[in-house]
Amino acid sequence: MILISHETYIKRCIELAKNGLGTTYPNPLVGSVIVHNGKIIGEGWHRKSGESHAEVIAIDSVKNKELLKESTIYVSLEPCSHFGKTPPCADLIIQHKIPRVVIGTIDPFAKVCGSGIAKLKKSGIKVEVGFLENECRELNKRFFTFHQKKRPYIILKWAQTQNGFIAPLQKKETKPVWISNEFSRQLVHKWRAEEQAIMVGTNTVLQDNPRLDIRSWTGENPIRIVLDRELKITSGFSVYNKSVKTIFITEKERLSEHENQVFEKIDFNKNVNIGILDVLYKHQIQSVIVEGGAVLLESFIKNDLWDEARVFTSDLSFEKGIKAPEFNTNKAAIKNDISDNTLEYFYHTTEK
């Protein structure tokens with residue numbers, strides 16, 4: 001029998017878990033593998049909140065349940081120990097008398113956070129924790145950020161010309177002036193499907209009338225977050241089409257007109273970004289992609305409240321325009337060419 005390391009099976013758990021990106025909110029991404037005598041006999045990943053967890057699917061996939069009593073179950077995140085929309089996974093593992101559990105990392109959620117491990121150990125199960133821990137935390141960076149920092153994971157995204165402009169000074173029509181190419185725009189729609197929410201400011205809506213959807217990809221449209229201090233955006237704009245939950249952040253008093261339209265009031269004379277993030281935390285939003293405009297993007301940079309920046313640079317040039325955001329950070333961690341666009345990924349390290 002060839003012995004395979006714990007890390008190999010946890011890596012497989014991570015691969016499985018990634019299949020749920022964009023569909024499990026507010027739950028984390030979790031993958032599970034069951035091994036008997038060096039052979040995988042069951043696998044599973046969590047697909048959607050309210051549906052079976054990874055461990056349940058993995059156990060259900062094992063044809064001969066008697067083998068579970070001689071097997072090891074691997075899971076990328078600590079098995080839950082509480083009743084939510086589904087029963088505790090730790091109880092199911094105990095019920096099937098699986099003698100060994102290997103875990104990538106501890107769950108930061110207060111209702112779990114070590115209690116799943118404690119319950120398993122109390123039942124006499126051998127538990128080992130901390131395999132590919134960094135990779136498992138990276139897998140659930142949105143979930144960890146939300147529970148540990150009490151805010152969503154923040155991704156800044158923009159496209160700029162080769163001479164550093166994010167938009168022209170003047171426009172003839174209320175629609176976007178495309179800087180990025182069609183391939184880059186399709187990738188952006190994929191990103192939108194992966195994140196729980198998308199945010200824009202007032203001027204972006206007034207000038208571009210964006211739909212903020214995933215029409216060039218498949219999946220669920222993100223929750224729309226619209227910063228509209230004075231409620232200048234009228235009902236004729238696409239963000240009012242009621243097709244998806246939209247949260248308007250404003251300083252004005254207004255009652256919601258529809259179950260998919262929420263108006264949240266904050267104090268714009270204080271730190272606006274903190275006010276915005278408090279609203280998103282209240283609505284249990286774990287990740288947000290901020291798509292503009294320049295003032296909104298720069299406000300998050302200025303306040304050190306961002307985790308990633310994804311920047312497209314095209315071969316276009318404007319004689320005049322609105323300057324693209326700037327930040328003091330190391331060179332891009334990742335750099336890719338997408339036809340005539342260059343995509344750079346930047347990662348922020350300041351802990352906030």
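Reader: Does the model place R151 among the buried or the exposed residues, and what is its relative accessibility?
Author: In this model, which is predicted, R151 is found in the loop that runs between helix 6 (141-149) and strand 6 (153-160). The cut-off for a buried residue is under 20% relative accessible area. R151 therefore counts as buried, its relative accessibility being 4%.

Reader: Turning to the strands, which residue of strand 2 is the bridge partner of G31?
Author: Strand 1 (residues 31-36) and strand 2 (residues 39-45) run antiparallel, and 6 bridges join them. Among the residues of strand 2, the bridge partner of G31 is W45.

Reader: Which residue takes a positive phi in the hairpin of strand 1 and strand 2?
Author: The hairpin formed by strand 1 and strand 2 has 2 residues between the strands. A positive phi near 50° is found in this hairpin at N37.

Reader: How far from the ring centre of W178 does R185 lie?
Author: Here R185 is placed over the face of W178. The distance of R185 from the ring centre of W178 is 4.5 Å.

Reader: Is C89 buried or exposed, and what is its relative accessible area?
Author: C13 counts as buried at 0% relative accessibility. C89 is likewise buried, and its relative accessible area is 1%.

Reader: Among the salt bridges, which residue pairs with E195?
Author: The structure holds 19 salt bridges, and one of them involves E195, with the closest N and O atoms 2.8 Å apart. E195 lies in the loop between helix 7 (182-194) and strand 8 (197-201) while its partner is in helix 6, so the pair ties together parts that are 53 residues apart in sequence.

Reader: Which residues do salt bridges that share partners join into one network?
Author: E138 forms a salt bridge with K141, where the closest N and O atoms are 3.2 Å apart; E138 counts as partly exposed at 45% relative accessibility, whereas K141 counts as buried at 14%. The side chains of R310 and E308 also meet in a salt bridge, at 3.0 Å from N to O, and R310 and E308 are buried. Through salt bridges that share partners, one network joins E138, K141, E308 and R310.

Reader: What is the geometry of the ring pair of W191 and Y345?
Author: There are 9 aromatic pairs by count. In the pair of W191 and Y345, the ring centres are 6.2 Å apart and the planes lie at 70°, and an angle over 60 degrees counts as edge-to-face. The pair links distant parts of the chain, with W191 in helix 7 and Y345 in strand 16 (residues 341-347), 154 residues apart. W191 and Y345 are both buried, and their pair is edge-to-face.

Reader: Which residues make up the cluster of ring pairs that includes F327 and F346?
Author: The rings of F327 and F346 have centres 4.9 Å apart and planes at 75°, so this pair is edge-to-face. F327 lies in the loop between strand 14 (322-323) and strand 15 (334-338), and F346 lies in strand 16, 19 residues apart in the chain. F327 and F346 are buried. The cluster linked by ring pairs consists of W158, W306, F327 and F346.

Note on methods. Residues are numbered from 1 along each chain as its sequence is written. This is a predicted model: local features need pLDDT of at least 70, side-chain atom pairs count only at pLDDT 80 or more; totals for chains, interfaces and linings use all residues. Side-chain values use heavy atoms; hydrogens and water are left out. Two strands pair if DSSP finds at least two bridges between them. Helices (H or I, at least four residues) and strands (E, at least two) are DSSP runs, numbered from the N terminus. Buried means under 20% relative accessible area, exposed over 50%, partly exposed in between (1.4 Å probe, protein chains only). A salt bridge is a side-chain nitrogen of Lys or Arg within 4 Å of a carboxyl oxygen of Asp or Glu. Rings of Phe, Tyr and Trp (its six-membered ring) pair if their centres lie within 6.5 Å; planes under 30 degrees apart count as stacked, over 60 as edge-to-face and the rest as tilted. A charge sits over a ring if NZ of Lys or CZ of Arg is within 6 Å of the ring centre and within 35 degrees of the ring normal.
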